Amino acid sequence: MTEVKPGTVVFEGEAGDHLFNPMNTVHGGYLATLLDSALGCAMLSKLPARVDTPSPS
């Protein structure tokens, strides 16, 4: 995490050689993990205190 504020969380990472696929691009799973983590943390940062999951109510 390189930045955190309500509704915004920024993750950064370095893609080592072990993360490249046979087409010599970064594996999509690595990118999806960064995206999932950042979006999840950003969403949680907007919830009221002591609430750890969103609900429609």
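What follows is a chat about the predicted model shown above.

Visitor: Hi! What kind of model is this?

Guide: Hello! This is a predicted model.

Visitor: Okay, and how many helices and strands does the protein have?

Guide: There is 1 helix, along with 2 strands. Going along the sequence, the pattern reads β-β-α.

Visitor: Is the protein a compact globule or more spread out?

Guide: More spread out. Its radius of gyration is 15 Å, whereas the globule rule gives 10 Å for 57 residues, so the protein is more spread out than a compact globule. The C-alpha trace spans about 45 × 25 × 15 Å along the principal axes.

Visitor: What share of the residues is buried?

Guide: Buried residues account for 9% of the 57 in the protein.

Visitor: And the surface, what does it come to?

Guide: The accessible surface of the protein is about 4,700 Å², and carbon and sulfur atoms hold 59% of that.

Visitor: What about contacts between residues at least 24 apart in sequence?

Guide: If you take the contacts between residues at least 6 apart in sequence, 39% of them join residues at least 24 apart.

Visitor: Let's move to the helix. Where is H1, and what should its 18 residues span?

Guide: Helix H1 covers residues 28–45, and at 1.5 Å a residue its 18 residues should span 26 Å. The C-alpha atoms at its ends are 26 Å apart, which agrees with that expectation.

Visitor: Nice. Which residues of H1 are buried?

Guide: Tyr30, Ala38 and Ala42 are buried in H1. They cover an arc of only 95° around the axis, so they sit on the same side of H1.

Visitor: What do the buried residues of H1 pack against?

Guide: They pack against strand E2, which is residues 8–10.

Visitor: And which exposed residues are on the face turned away from the buried side?

Guide: That face of H1 carries the exposed residues Asp36 and Leu39.

Visitor: How far is Tyr30 from Phe20, C-alpha to C-alpha?

Guide: Their C-alpha atoms are separated by 9.4 Å, and the two residues are 10 apart along the chain.

Visitor: New topic: backbone angles. What is the phi of Asn24?

Guide: Asn24 has a positive phi of about 65°, although it is not a glycine. You'll find Asn24 in the loop between E2 and H1.

Visitor: Is Asn24 buried or exposed?

Guide: Asn24 is exposed, with a relative accessible area of 59%.

Visitor: Now for the part after the helix. Where does Leu47 lie?

Guide: Leu47 is in the segment after H1. Its relative accessibility is 22%, so Leu47 counts as partly exposed; the cut-off for buried is under 20%.

Visitor: Last one: what about Asp52, where does that lie?

Guide: Asp52 also lies in the segment after H1, and at 60% relative accessibility it counts as exposed. Leaving aside neighbours within four places in sequence, Asp52 is in contact with Leu44 and Leu47.

Terms used. Residues numbered from 1 in each chain as written. Predicted model: local features only at pLDDT ≥ 70, side-chain atom pairs only at ≥ 80, totals over all residues. Heavy atoms only, no water. Helix = DSSP H or I, 4+ residues; strand = E, 2+ residues; numbered from the N terminus. Rg over C-alpha atoms; globule rule 2.2 N^0.38 Å. Buried < 20%, exposed > 50% of the residue type's maximum accessible area, 1.4 Å probe, protein only. Contact = heavy atoms within 4.5 Å. Areas by Shrake-Rupley, 256 points an atom, 1.4 Å probe, with all protein chains shown as cover. Expected span 1.5 Å × (residues − 1). Arc of directions from axis to C-beta.
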